[in-house]
Amino acid sequence: MSIRKSLVITSIDKYASLVVNIGATMVLARLLTPNEVGAFSVAMVLISVMSIMRGMGAGQYLVQEKHVTEDRMRAVWTVQIGLGVLLGLVVAGIAVPAGHLYKDERVRDILFVLAGNFLITPFGSVTHVWLMREMRFLPIALMQFAYAVTNAAVSIWLAWRGLGAISLAWGNLAATVANALVATCFRPRGHPWLPGVREVRRVLSFGARVSSSALAETLAKGSPEFFLGQMQSLTAAGFYSRANGLMTLFTRLVFDVASSVATTGFAKRSRESQDTRGPFLLSLAHITALCWAFAGFLVFMAPAVIRLLYGAQWAPSAPLVSWLAGALAAGAPVVMCAAALTGLGAATQVLRAGMASAVSVVALSALGAWLGMHELAMASLAASVLGTLAWLRAARHVIQFSYGELLAVLRRSTLVALGATLAPALVFLTFDSIEERAVAALALGAAGSALGFLAMVWFSAHPLRDELRRLLGKRANAAMPAQSGH
């Protein structure tokens, strides 16, 4: 499957799931309080470490391995099922102490429910990574859409019934079951069900380095809410989580699409000894233009977005969004760096960059949370800048691009972002209170941002212009037979 076709299928999957998630979030934001959301967010942070360790990098190993044998497949299955059982027991074991730590029994109950995820996930994950390796993104899309729909339906139903924070945990568990059931329908014939230990050392030698980096990244991402819940309150953690949720929307909309396709694409290029520098810089140009334009929009439109999506009770999240949007923009290059290095098998560089980035995030998050949730959002921006510098240095070491080439890419993306940000800035300055006129403000801001984005893509000769030309050319060619028929 070609890269562009893969991107189209993955995009449709992510966008469909995103629509479901946005709708569910809007409903749940009106059924659950900030304190209840904060309790669930803190519990998710506590198990995020185990979520990374449950595969021990076995999935990434399978994607990049040049010669897959039955023994290596059995080894991957062994690692995933073994760690799934072990970590499920660990999460159940920490549930009671965690409840005491936060002085909240809801955290304990949520962890007991989420422990079941670790027992179920391996039954879908092996099939998922094999489909990734083969670039069969349609079955993956069906698996992920089933997860999104089940999660939304169960969480909303239980929250409506008044179960509170644990509704989100049961929705998460039900979605994991649905994902695993769909995965079994696409499991290739001949894939072994019995585990094996013959190649486990080979799997772990690669996976340990990659998962260590992912572990560091997860600790870094979860540290703001963890520290905020401890140093301030669960309500403050809830407000921060809701603000960060808007960044997650873009991550799912663009970053996840680009990363999943790019990792397998770079792995394929590595196996076939093809050039990687050009595709890396091209991907970086695309991702930074899209991300920086979105971030610029959010900086000025945050109050209106929060009011429309979540309601008035979440208004304190709006100032946090502006700072976190800056952090999102600063961290945009990391997505392509991590995807390229993982796909190329540069596990040592992934580990070094991930650890350097994580140290800065955790340290600055602790300081920011101690001062307050607004200061924490500012600290996230500073940490994102430091992390990006570490990842770009690692990518340059492996891919061998020049700083001049990098600056040329970023300069054009900056022009595109400025064009996209102009209209939202004018709306923000013109409206007395954009949250009170959220629909009108967002309509004007979004339309102006889209026009500014397209105009600057065209006039700055950004690489996205070639994609637009290709898209318009295909539509013109598709219209010609219809016209000739008349």
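Contact here means heavy atoms within 4.5 Å. The model is predicted.

Q: Which residues does Ala293 touch, not counting residues up to four places away in sequence?
A: Ala293 sits in helix α11, residues 277-310. Leaving out residues up to four places away in sequence, its contacts are Ala417, Ala420 and Phe453.

Q: Is Ala293 buried or exposed?
A: The relative accessibility of Ala293 is 7%. The cut-off for buried is under 20%. Ala293 therefore counts as buried.

Q: What separates the C-alpha atoms of Ala293 and Ser413?
A: Along the chain, Ala293 and Ser413 are 120 residues apart.

Q: Which helices each supply at least two residues of the nonpolar patch?
A: The patch lies on the surface and consists of Val27, Leu31, Trp157 and Trp160. Together they have about 430 Å² of accessible area. Trp160 belongs to helix α7. The helices that each supply at least two patch residues are α1 (3-31) and α7 (137-160).

Q: Is Trp160 buried or exposed?
A: Trp160 has a relative accessible area of 61%. Exposed requires over 50%, so Trp160 is exposed.

Q: How many Å apart are Leu364 and Ala379, C-alpha to C-alpha?
A: Leu364 lies in helix α14, residues 347-371. In sequence, Leu364 and Ala379 are 15 residues apart.

Technical notes. Residues are numbered from 1 along each chain as its sequence is written. This is a predicted model: local features need pLDDT of at least 70, side-chain atom pairs count only at pLDDT 80 or more; totals for chains, interfaces and linings use all residues. Side-chain values use heavy atoms; hydrogens and water are left out. Helices (H or I, at least four residues) and strands (E, at least two) are DSSP runs, numbered from the N terminus. Buried means under 20% relative accessible area, exposed over 50%, partly exposed in between (1.4 Å probe, protein chains only). Patches are made of residues with over 30% relative accessible area and no salt bridge: like charges are joined within 9 Å, nonpolar side chains (Val, Leu, Ile, Met, Phe, Trp, Tyr) within 5 Å. Accessible areas come from the Shrake-Rupley method with a 1.4 Å probe; for residues, only the protein chains shown count as cover. A salt bridge is a side-chain nitrogen of Lys or Arg within 4 Å of a carboxyl oxygen of Asp or Glu.
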